[in-house]
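Subject: Structure handover

Hello,

Here is the structure for you to look through. Please open it first, then read my notes below.

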Amino acid sequence: APDDIIITLENHEEFKEIMVNDVMAPTYDRHQFGGDATSFEAIDAADIMTLEKLDDLALILEEQANPMKHISFEADQMANESPFFLLFVTPRQWRDLWASATDKKLQELQSRAIKRGQGFNHPVFKGDVIMWRNILVRQYRKPVRFFAGDQVTVSNNDKLATTKIVEAGTTIDRAILLGGQALANAYGKSDSGSHFSMTTEKTDHGNANETAIVWMNGCKKVRFSDKTGRVNDYGTMVIDTAVSLQ
């Protein structure tokens, strides 16, 4: 993780206080890997992010038995006719993806993104973005990164998404694919019955005002179990690929 990230590591005494809810590893069916790797620990230096991997992701989204819900914005009149998902990649995954396509192909991908974003003015389509097979790709700036030898929690291939610890074999970055309803944000109620409360009182013998704002909320990844009892992340998937630090 970047040195300036505000979230501490799990072994830090303030981790649970900051995170509030437990951090859950991606479920088995929502965890994909670069190249020909079929598990996290099997990723090697050649298993990088490519345009072919986007093809694989698109096929998974189209064929999965319990599909992820697509993103739907209120002003998007094409939400149902042309549903899309959002893939956040790290800068190094972006570099690898860019290198895997020709200049002509990249121009096509950029034009696809511009065309899909027409008709509603949303910032997710602004800036340096590409789109392929209804997957909009853009960068996120503080990468989730694992180094060779890191101990990483992954889910087992079982109904209850039990976990195990495996070891990274090379430097690996994590891309995050988002659909609809990926995150739940719950708010508590103050004594007044509202989600937020603010009071102002005189202090310092009436020479100053002191204001207190009260609220309570927590965010958590959404998970559901299907009719067979198999638990899966609902609106998110991750793609782990090798990256070069050179």
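Start with helix 3, residues 91–99, in this predicted model. Which of its residues are buried? They are Gln93, Trp94, Asp96 and Leu97. Look down the axis of helix 3: these buried residues fall within an arc of 165°, so they line one face of the helix.

Next, the aromatic rings. Counting pairs of rings whose centres lie within 6.5 Å, the total is seven aromatic pairs. One of them is Phe40 with Phe146, and this pair is edge-to-face. The ring centres are 5.4 Å apart, with 85° between the planes. The pair links distant parts of the chain, as its partners are 106 residues apart. Phe40 sits in the loop between strand 1 (31–33) and helix 2. Phe146 belongs to strand 5, residues 144–146. Are these two residues buried or exposed? Both Phe40 and Phe146 are buried. Elsewhere, Phe73, Phe84 and Phe125 form one aromatic cluster.

Now the pockets. The largest pocket has a volume of about 2000 Å³. Its lining has 44 residues. Nearest its centre lie Met19, Val23, Met24, Val144 and Arg174. Which elements give two or more residues to this lining? They are helix 1 (15–19), strand 5, strand 6 (151–155), strand 7 (163–167), strand 8, strand 12 (217–221) and strand 15. Strand 12 gives the largest share, five residues. By type, the lining of the largest pocket divides into 25 nonpolar, nine polar and 10 charged residues.

The second largest pocket has a volume of about 300 Å³. It is lined by 15 residues. Met78, Ser82, Arg112, Lys115 and Arg116 lie nearest its centre. Helix 4 (103–116) and strand 3 each supply at least two residues of this lining. The largest share, three residues, comes from helix 4. How do the lining residues of the second largest pocket divide by type? There are five nonpolar, five polar and five charged.

Best wishes

Conventions
Residues numbered from 1 in each chain as written. Predicted model: local features only at pLDDT ≥ 70, side-chain atom pairs only at ≥ 80, totals over all residues. Heavy atoms only, no water. Buried < 20%, exposed > 50% of the residue type's maximum accessible area, 1.4 Å probe, protein only. Helix = DSSP H or I, 4+ residues; strand = E, 2+ residues; numbered from the N terminus. Arc of directions from axis to C-beta. Phe/Tyr/Trp six-rings, centres within 6.5 Å; stacked < 30°, edge-to-face > 60°. 1 Å grid on protein atoms, 1.4 Å probe; cavity = no way out; pocket = protein on both sides within 12 Å on 5 of 7 lines; lining within 4 Å. Points joined across faces, edges and corners; volume = space filled by probe spheres on them. Nonpolar A, V, L, I, M, F, W, Y, C, P; charged D, E, K, R; others polar.
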